[in-house]
Amino acid sequence: YNPQEWSRVRSWAPLALDQELARALSLAEACFDVVILKPAKTDVADALHFAQKYGCKVTITSYMDHPVGIMHAAALAYEMKKEYGDLILQSGCLTHDLYEENAFSAQMKITGPFLHATAGEGVGFDSLLEVLPWQPLTRL
């Protein structure tokens with residue numbers, strides 16, 4: 001991401017920032033029009049604050065994540081669209097078929113471009129998550 005170069009190109013077409021977003025969030029300007037928010041790797045509150053401050057739109061994507069992460073990104077996109085309206089653009093979370101099907105992706109239901117909620121609370125998958133061998137986290 002080179003703000004000077006992007007400023008020149010931006011006069012020709014709207015630009016979206018993806019890979020260098022975390023670095024760009026610390027800058028005092030936005031030489032792009034759309035923040036591509038991947039909740040698996042970028043702080044949501046920081047990205048949203050930046051977009052509001054500099055007049056950027058936001059789109060949310062799943063970062064080609066595990067189905068749990070995909071459903072989290074989709075739920076976040078839904079909630080943010082309800083709360084922030086036109087600030088949030090259409091989001092892309094249909095990346096579950098990039099990998100071999102597993103028990104989680106098999107529960108995901110798609111109709112055309114629409115991803116349906118999975119059974120359960122929050123991101124769903126309750127029956128699958130209940131049987132996983134959970135262990136407490138410890139500090140390193």
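Visitor: Is lysine 82 buried or exposed?
Guide: A residue counts as buried under 20% relative accessible area, as exposed over 50%, and as partly exposed in between (1.4 Å probe, protein chains only). Lysine 82 has a relative accessible area of 54%. Because that value is over 50%, lysine 82 is classed as exposed.

Visitor: Which pLDDT is required before side-chain atom pairs count?
Guide: Residues are numbered from 1 along each chain as its sequence is written, and side-chain values use heavy atoms, with hydrogens and water left out. The model is predicted: totals for chains, interfaces and linings use all residues, local features need pLDDT of at least 70, and side-chain atom pairs count only at pLDDT 80 or more.

Visitor: Which residue forms a salt bridge with lysine 82?
Guide: A salt bridge requires a side-chain nitrogen of Lys or Arg within 4 Å of a carboxyl oxygen of Asp or Glu. For lysine 82, the closest N and O atoms of the pair are 3.6 Å apart. Both partners lie in helix 4, three residues apart, about one turn of the helix; helices are DSSP runs of H or I with at least four residues, strands are runs of E with at least two, and both are numbered from the N terminus.

Visitor: How many salt bridges does a search of the whole structure find, and which residue pairs with aspartate 33?
Guide: The search of the whole structure finds five. In one of them, aspartate 33 brings its closest O atom to 2.9 Å from an N atom of arginine 10. The pair links distant parts of the chain, 23 residues apart: aspartate 33 is in the loop between helix 2 (21-24) and strand 2 (34-37), and helix 1 (residues 3-10) holds arginine 10.

Visitor: Why do aspartate 33 and arginine 10 both count as partly exposed?
Guide: Aspartate 33 counts as partly exposed because its relative accessibility is 22%. Arginine 10 is also partly exposed, because its relative accessible area is 29%.

Visitor: What is the N to O distance in the salt bridge of arginine 23 and glutamate 20?
Guide: Arginine 23 is partly exposed at a relative accessible area of 41%, and glutamate 20 is partly exposed at 33%. Their side chains meet in a salt bridge with an N to O distance of 3.3 Å.

Visitor: What is the strand order of the open sheet?
Guide: Two strands pair if DSSP finds at least two bridges between them. Strand 1 and strand 2 pair in the parallel sense over two bridges, and strand 2 pairs with strand 3, also in the parallel sense, over four. The edge strands, each pairing on one side only, are strand 1 (16-17) and strand 3 (57-60). The open sheet of three strands therefore has the order 1-2-3.

Visitor: Which residue of strand 3 is the bridge partner of valine 34?
Guide: Valine 34 of strand 2 is the bridge partner of alanine 16. In strand 3, the partner of isoleucine 36 is threonine 59, and the partner of valine 34 is lysine 57.

Visitor: Which residues of strand 2 are buried on each side?
Guide: In a regular strand the side chains alternate between the two faces of the sheet. Both faces of strand 2 are covered, with Val34 and Ile36 buried on one side and, on the other, Val35 and Leu37.

Visitor: Which residues does histidine 66 touch, not counting residues up to four places away in sequence?
Guide: Histidine 66 lies in the loop between strand 3 and helix 4 and is partly exposed at 36% relative accessibility. Its C-alpha atom is separated by 9.8 Å from that of asparagine 102, 36 residues apart along the chain. With contact meaning heavy atoms within 4.5 Å, histidine 66 touches Asn102 and Phe104.

Visitor: What is the C-alpha separation of histidine 49 and leucine 25?
Guide: Histidine 49 lies in helix 3 (residues 44-54). Histidine 49 counts as exposed because its relative accessibility is 51%. Histidine 49 and leucine 25 are 24 residues apart along the chain, and their C-alpha atoms are separated by 9.2 Å.
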